[in-house]
Amino acid sequence: MEPGKPGPAGARRTDFDFPPVDQGRLPGVLDALREVAAAHGVSAARVALAWTLTRRFVTSVIFGAKTIEQLQDNLASTDLLLSPEQIAALDDASALPPEYPGWMIAFQHRDRRPATPDA
């Protein structure tokens, strides 16, 4: 789905965008998912679920499937092993921007010079 364009018929977000999502980040995330999916010969959905399962803080994954094919594809994500490089690429593509006060601390220190050993 492209930002500002309606999604597929019957999709939950076609008429109601909740929770709000930063649609501008979507193309980069989808590109990363599609690249990893192509390398494995599987769907981007399977890669997304497999990546989610690599998160140490994730204790369960809930997915929805409208067809038996989607169900089978989603379940197959448990057998997909992603390389550390693929996980890092997906992490980078999906990383959230820093929130306050994190970005403010970095902003305030932007002009600091590294300490020298003589100082």
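Is Ser77 buried or exposed, and what is its relative accessibility? The points below start from that residue.

1. Basis. This is a predicted model, in which local features need pLDDT of at least 70 and side-chain atom pairs count only at pLDDT 80 or more, while totals for chains, interfaces and linings use all residues. Residues are numbered from 1 along each chain as its sequence is written, and side-chain values use heavy atoms, with hydrogens and water left out.

2. Ser77. Ser77 counts as buried because its relative accessibility is 5% (buried is under 20% relative accessible area, exposed over 50%, partly exposed in between; 1.4 Å probe, protein chains only). Ser77 sits in the loop between α3 (68–76) and α4 (84–94). Apart from neighbours within four places in sequence, Ser77 is in contact (heavy atoms within 4.5 Å) with Arg46, Leu49, Ala50 and Leu53.

3. Overall make-up. The chain has five helices and zero strands (DSSP runs numbered from the N terminus: helices are H or I with at least four residues, strands E with at least two). Of its 119 residues, 17% count as buried. For contacts between residues at least 6 apart in sequence, 61% join residues at least 24 apart.

4. Leu81 and Gln86. Leu81 is in the loop between α3 and α4 and is exposed, with a relative accessible area of 70%. Gln86 lies in helix α4 and counts as buried at 16% relative accessibility. The C-alpha atoms of Leu81 and Val47 are separated by 9.1 Å, at 34 residues apart along the chain. For Gln86 and Leu33, the C-alpha to C-alpha distance is 9.2 Å and the sequence separation 53 residues.

5. Salt bridges. Side chains of opposite charge can pair when their charged atoms come close. The structure holds three salt bridges (a side-chain nitrogen of Lys or Arg within 4 Å of a carboxyl oxygen of Asp or Glu). Arg46 and Asp73 form one of them, at 2.7 Å from N to O. That pair links distant parts of the chain, with Arg46 in helix α2 (residues 44–53) and Asp73 in helix α3, 27 residues apart. Asp73 counts as buried at 14% relative accessibility.

6. Arg55 and Asp91. These residues form a salt bridge, with the closest N and O atoms 3.0 Å apart. Arg55 is in the loop between α2 and α3 and Asp91 in helix α4, so the pair ties together parts 36 residues apart in sequence. Arg55 counts as buried at 17% relative accessibility, whereas Asp91, at 26%, counts as partly exposed.

7. Arg110. Arg110 forms a salt bridge with Asp111, the closest N and O atoms being 3.9 Å apart, and both residues are exposed. The charged end of Arg110 also sits over the ring of Phe107, 3.8 Å from its centre (the criterion is NZ of Lys or CZ of Arg within 6 Å of the ring centre and within 35 degrees of the ring normal).

8. Cis peptide. The bond joining Tyr100 and Pro101 is a cis peptide bond, with omega about 10°. Pro101 is in the loop between α4 and α5 (102–108).
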